[in-house]
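Subject: Structure for you to look at

Hello,

Here is the structure I promised. Please open it next to this email.

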Amino acid sequence: MIIRKVLQKGFSTLYNLKQFRHQEIPQNVSVDREFGDTILPNGIRVCTEFWPSELAHITIYIKCGSRNETEATSGTAHFLEHLHFKGTGRRSRDRLECDVENFGGQLNAYTSRENTSYTINAQKNKAENAVEILGDMLTNSIYAKSDVERERHTIYRELFETRKMQFETLIEISHRSAYKNHQMSLPILGKIQNMYSITRDMIAEYHQNNYYGENLIVCGVGNIQQEQLCEYVTKHFSKIHKKKQQLKKEIPVNFQSEVFLMQSELTEDINVGLFYQGPEWTDPHYYHFLILQRLLGDKPSNFLEAAIFEQSTLNSFQKLLLDYPEITTQKAVYTPYKDTALFGNYFVVNPNQLDSCIEISKKIFEEYGNKVSAEELQRSKRRLFIELCQHETGNDISQAIANQILYFDRRVYRQEIAQNLANVTEVDIQNCVKNWILGKQPSLTIWGNIDPVLKKYKFDASQVGTH
């Protein structure tokens with residue numbers, strides 16, 4: 001009981017640091033650092049944010065991902081990312097790893113739907129080493145056929161293992177349903193059936209078509225100056241050129257209110273995604289939906305967590321969820337892209353209780369469409385302010401800068417973000433719910449033990465798919 005009270009007091013203090021007035025923001029998000037932004041002659045955009053540190057974080061962002069693939073080439077972006085670690089014309093795989101380790105660097109990469117990134121964290125006096133290695137990887141990799149063959153098995157196992165990650169799998173399947181017949185529906189890591197049909201030529205073509213000057217952002221944060229980084233990138237990315245041929249016009253994205261089910265033997269429950277189309281990154285309602293996501297929140301994962309939050313920090317939706325013990329997990333999801341977004345809730349529930357997810361989702365949106373309490377709104381804003389204040393690692397800041405350059409074409413400082421959040425009113429949230437959600441049909445995805453669901457509901461055979 002004593003521990004419970006202490007934890008309650010601690011979390012209550014965290015989320016009630018200050019009762020901010022409307023349009024007021026925390027003072028510590030008002031301090032902005034020196035920012036540099038240069039476009040080099042070959043089209044590469046170089047950005048830096050400097051602060052005194054022993055480290056420099058260098059990241060290359062490429063404006064391409066699984067969205068730039070087709071059904072036949074799905075998986076090439078992720079495959080290419082893997083092959084960039086397998087050796088270049090100057091370095092073997094082992095030499096590449098040793099060179100990074102020898103100057104104390106950390107090398108990481110990821111692929112997403114709309115971008116791919118490669119990062120090296122290094123000591124400040126080794127920043128050029130980091131840029132040189134990244135340049136070598138991205139411009140001199142040989143994509144040896146033997147590496148392609150070996151990597152097939154590695155990626156296949158990776159795809160197989162990721163199926164065990166229930167939340168991530170449900171989100172991927174939801175994209176497949178909501179963006180049917182569009183590149184947005186393709187899985188980030190690739191279609192598993194493509195892993196043995198992707199060729200070296202496909203991978204090299206993807207690199208040629210997407211790794212060009214205007215598509216690259218080089219971001220340096222920490223102890224790195226703008227002039228320094230521009231010099232290093234000019235020197236070590238000289239093989240990158242501007243795009244010569246005309247860019248292909250993209251097919252407009254079309255959100256679809258589909259019902260899609262998929263069987264899995266990994267769980268006795270069902271994973272449910274109830275998603276609506278949300279506003280993209282640059283939509284004026286973007287900040288409203290950040291707040292709405294925090295208003296919905298996540299269901300406490302256990303009794304201890306519920307006890308910690310029971311006094312004053314549970315919002316209307318979380319209190320409502322306590323009356324639905326059959327829903328064991330709930331997470332609010334908002335995933336914006338350049339021209340669309342998924343917004344809604346992820347649930348884990350007994351297969352016979354699908355109605356509960358639909359019912360509670362309808363209830364909360366109807367409630368928020370009618371009224372949003374000032375207290376809940378301010379608490380959601382404070383949570384976002386806390387997230388902004390905690391956004392301090394080099395990788396976090398680099399990621400934020402890259403996303404802002406990608407989608408807004410400029411640096412958006414924390415002060416501006418906080419002010420946009422602070423300006424949101426209860427009526428703004430109500431109008432967002434009315435305009436974007438109420439009266440709209442969601443995309444419904446169900447993954448897991450779907451046999452009881454199929455027996456209870458009359459779903460068409462075309463709505464049941466395979467992984």
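Predicted model: local features only at pLDDT ≥ 70, side-chain atom pairs only at ≥ 80, totals over all residues.

Residues are numbered from 1 along each chain as its sequence is written, and side-chain values use heavy atoms, with hydrogens and water left out.

The domain: an unreviewed UniProt entry puts "Peptidase M16 N-terminal" at residues 52-190. UniProt positions follow the numbering used here, the feature name is shortened, and annotations may be inferred rather than shown by experiment. That stretch is 45% helix and 16% strand. Helices (H or I, at least four residues) and strands (E, at least two) are DSSP runs, numbered from the N terminus.

The sheet: six strands form an open sheet with mixed pairing, in the order S1-S2-S6-S3-S5-S4. Two strands pair if DSSP finds at least two bridges between them. S1 (35-39) and S4 (106-111) are the edge strands; each has a single partner, so one side of each lacks a neighbour in the sheet. S4 runs antiparallel to S5 (residues 116-123), and six bridges join them. One pairs Thr111 with Thr116 of S5.

The helix: H5 covers residues 145-162. H5 bends by about 25° at Glu151; the bend is the angle between axes fitted to the seven residues ending there and the seven starting there. Buried residues (under 20% relative accessible area, 1.4 Å probe, protein chains only) in H5 include Val148, Glu151 and Leu159.

Best wishes

How values were computed
Expected span 1.5 Å × (residues − 1). Buried < 20%, exposed > 50% of the residue type's maximum accessible area, 1.4 Å probe, protein only.
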